[in-house]
Amino acid sequence: MMEIGQTVKVCRLRDRISAEVIDRIKKNPKGTVKGYKMVDGSGVGVVVQFEGGFSTWFFEDEVERV
């Protein structure tokens, strides 16, 4: 599991986020884990904050440790 405060890089994007956010992430895919999110009955996602202050959540298989 990723730890809060850890730097991660987005390595995969699913289609649930907007094109604008995808463009911002492609320019700089590194961010900091700020928290966790329950994504379904058995999964946990991570909330990642990026440069510029915006944040979104990802499934754990979408990010990797830097």
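**Aromatic rings and a hairpin**

Author: Keep in mind that this is a predicted model. The count here comes to 3 aromatic pairs, taking rings of Phe, Tyr and Trp whose centres lie within 6.5 Å. One of them is Phe50 with Phe54: the ring centres sit 5.0 Å apart and the planes meet at 20 degrees, so this pair is stacked. Phe50 has a relative accessibility of 5%, so it counts as buried. Phe54 is buried too, because its relative accessible area is 14% and the cut-off is under 20%. Another pair, Trp57 and Phe59, is edge-to-face, with 4.9 Å from centre to centre and 75 degrees between the planes. Phe59 has a relative accessible area of 21%, so it is partly exposed. There's also one aromatic cluster, made up of Phe50, Phe54 and Phe58.

Now for the strands. In a regular strand, side chains alternate between the two faces of the sheet.

What does β4 pair with? Strand β3, residues 44–50, runs antiparallel to β4, and 5 bridges join the two. Val48, for instance, has Thr56 in β4 as its bridge partner. Together β3 and β4 make a hairpin with 4 residues between them. In that turn, look for Gly52, which has a positive phi of about 95 degrees.

Note on methods. Residues are numbered from 1 along each chain as its sequence is written. This is a predicted model: local features need pLDDT of at least 70, side-chain atom pairs count only at pLDDT 80 or more; totals for chains, interfaces and linings use all residues. Side-chain values use heavy atoms; hydrogens and water are left out. Rings of Phe, Tyr and Trp (its six-membered ring) pair if their centres lie within 6.5 Å; planes under 30 degrees apart count as stacked, over 60 as edge-to-face and the rest as tilted. Buried means under 20% relative accessible area, exposed over 50%, partly exposed in between (1.4 Å probe, protein chains only). Two strands pair if DSSP finds at least two bridges between them.
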